[in-house]
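Let's walk through this structure together, one part at a time. Keep the sequence and the 3D view open as you read.

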Amino acid sequence: MTSPQKPLPDVNDRHRAPFWAAAREHQLKMQKCTACGYVRWPATQHCPECLDENDNWVALSGKGKVWSFGIYNHLFNAAFADDMPYDVALIQLDEGPQMYSNVVGIDPDLLVPDMRVEAVFEDVTPEVTLVKFRPAS
Amino acid sequence: MGAAELAALRDKFAIVGLGTTPQGSFPEKTGNELAVDAFKLALADAGITKDEVDGIITCPSFGHQGLDSQIVPLLGLNPSYSANLDYGTCNFSLHLAAMAINAGFANTVAIMYGTNQKSSGNRFNQAPAEDPAITAPYGLFNIAGTASMALRRHMHEYGTTEEQMAAIAVTFRQHASLNPLAVFKKTITKEEYLESRYIVKPLHVYDMCVITDGGSCMIVTSADRARSMAKPPVYLMGMAEQFAPRETQNDQFLMRPFIQKVAEKIYPAAGITNADIDALYIQDPTSVWPLQMLEWYGFCGIGEGGSFIQDGRIGLGGELPLNTNGGQLSESYMWGWLHIPEAVRQLRGEAGPRQVPNAEIAQYCSTGGWTRAASTILRR
């Protein structure tokens, strides 16, 4: 029996492809508006701050903190069976944006909000690399 | 728009008919058919025929159901005004009905919701308010994920405890034990709550509503017309809404501070303060919603929700009876479509063993996803 596949992001998404391409290179990049400097995630055509359409994908420090997290004790998707219990965290990046991810390399019960974390890169398929986080060294 | 404009709408509309079907599992019916059942019950309650309804507002339900283009043909009507509100969760639909009447598009509007999502197998295995393309790869599923983060943050900032949170599920279950419509009537203790399994820690199984099938309908008309109908009118004393999707870029967005904007508008709109509320209703797909909204509507200070809900304060006989129907946690999920019917029953004095004595004013507070909020204040 083959175990079910975890959901994967569309690395060719019209707006998000540069994010996944950077992740493939083990870099965290996000869109920065060239008009007002606002850094945003998820990626969009227009800057939600000033509605300008010009942007650069800039490398971020990968550093931030855990805003909060939950620990999954109920299996909603069979592909995650081997991970139970696992955490999903909302990460507050130092450059401003927030993103949902996992904090790895720690027992989820030892996580606390405001814990400092740094990005790590998990190559999950030959095409897809997920951006995850670990406690800051 | 501000409170002054909203205040001009005070008491101009009334709920005159209620229809709530049995709640549970009804695999023999579609969601749309359950909405029709609720409509029939609401007509009987109002003492009118279907031809006296000239406006219909429907609400989407699981399985691509709930569109007015699907339901109105089943009702056999040619309404002057018809709409489908995709975030209809009751407060929003009720307000749209009032707007339609106020603008002259219809005289008497039925708002309705029917769902068979339990028997048709909705697993709620996505985080619907989030973007699954970038959250599902990390295992973020179900509203329990984000709700657990909001609760964890509340615990971190304010010292709220699981022991305190037990009061919500335990109290609502006590209320449901007095409600014939409720799916869960067996009371639970604080100890049973604390020993129950986690869904997404720190949320216990009793902090989450359970999927049900059922239908709900309300008939709304102008105050003048309402006075000639079978049941005493329950007036829409105040209405307010806020949409705040920009908040997703705010680091506190899961706490939903924008809900305060609704509170700032609704009490002046109704011409009262929250001290005048005799019975309070808060949408509760998870117990985190009451915790947050008690604070944002000013029933207690920010961060004080955990201690506020203790010692019977939110129970029947307490200072602020909350979700006297049992709420979504214990009565039935129904996307929040059963709180206003319960509020109307309380204001009519029809709530039987769970009647709040002399209830004159009630309020329902709800949200749509993480970025939309609405509230209605009702009076008899």
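Begin with β10(B) and β11(B), which run antiparallel and are joined by 8 bridges. Strands here are DSSP runs of E of at least two residues, helices are runs of H or I of at least four residues, and both are numbered from the N terminus. Two strands pair if DSSP finds at least two bridges between them. This is a predicted model, in which local features need pLDDT of at least 70 and side-chain atom pairs count only at pLDDT 80 or more, while totals for chains, interfaces and linings use all residues. Residues are numbered from 1 along each chain as its sequence is written, and chains are lettered from A and ligands numbered from 1 in the order in which they are written.

Within this pair, B:Ile361 has B:Arg379 of β11(B) as its bridge partner. The hairpin of β10(B) and β11(B) has 3 residues between the strands, and B:Gly369 takes a positive phi near 60 degrees there. On the parallel side, β10(B) pairs with β9(B) over 4 bridges, and B:Leu280 finds its bridge partner in B:Gln363 of β10(B).

How many residues of β10(B) are buried? The count is 8 of the 8, so β10(B) is largely enclosed by the rest of the structure. Buried means that 20 or more other C-beta atoms, placed from the backbone, lie within 10 Å of the residue's own; 12 or fewer make it exposed, and anything in between partly exposed. B:Ile361, B:Gln363, B:Cys365 and B:Thr367 point one way from the strand, while B:Ala362, B:Tyr364, B:Ser366 and B:Gly368 point the other way.

Now step back to the whole sheet. In chain B, 9 strands form an open sheet with mixed pairing, in the order β3-β2-β4-β7-β1-β8-β11-β10-β9. At its edges stand β3 (81-84) and β9 (279-282) of chain B, each with a single partner strand, so one side of each is left without a neighbour in the sheet. From one strand to the next, the twist averages 25 degrees. Further along, β2 (residues 55-58) and β4 (residues 108-115) of chain B pair in the parallel sense over 4 bridges, with B:Ile57 bridged to B:Ile111.

Helix α2 (residues 31-46) of chain B lies across β1, β2, β4 and β7 of chain B, running at about 125 degrees to β1(B). Axes are lines fitted to C-alpha atoms, for helices over the stretch in contact, and angles run from 0 to 180 degrees between N-to-C directions.

Let's turn to chain A. Chain A has 1 helix and 8 strands, in the sequence pattern α-β-β-β-β-β-β-β-β. Of its 137 residues, 30% count as buried.

Where do the chains meet? 30 residues of chain A are in contact with 27 residues of chain B, contact meaning C-beta atoms, placed from the backbone, within 7 Å. On the side of chain A that touches chain B, β4 (63-72), β5 (86-93) and β6 (98-101) of chain A each supply at least two residues. Of these, β4(A) gives the most, with 6 residues. β4(A) also joins strand β5 (residues 198-201) of chain B through 2 bridges, running antiparallel, and A:Ile71 has B:Lys201 as its bridge partner.

Conventions
Two residues are in contact if their C-beta atoms, placed from the backbone, lie within 7 Å.
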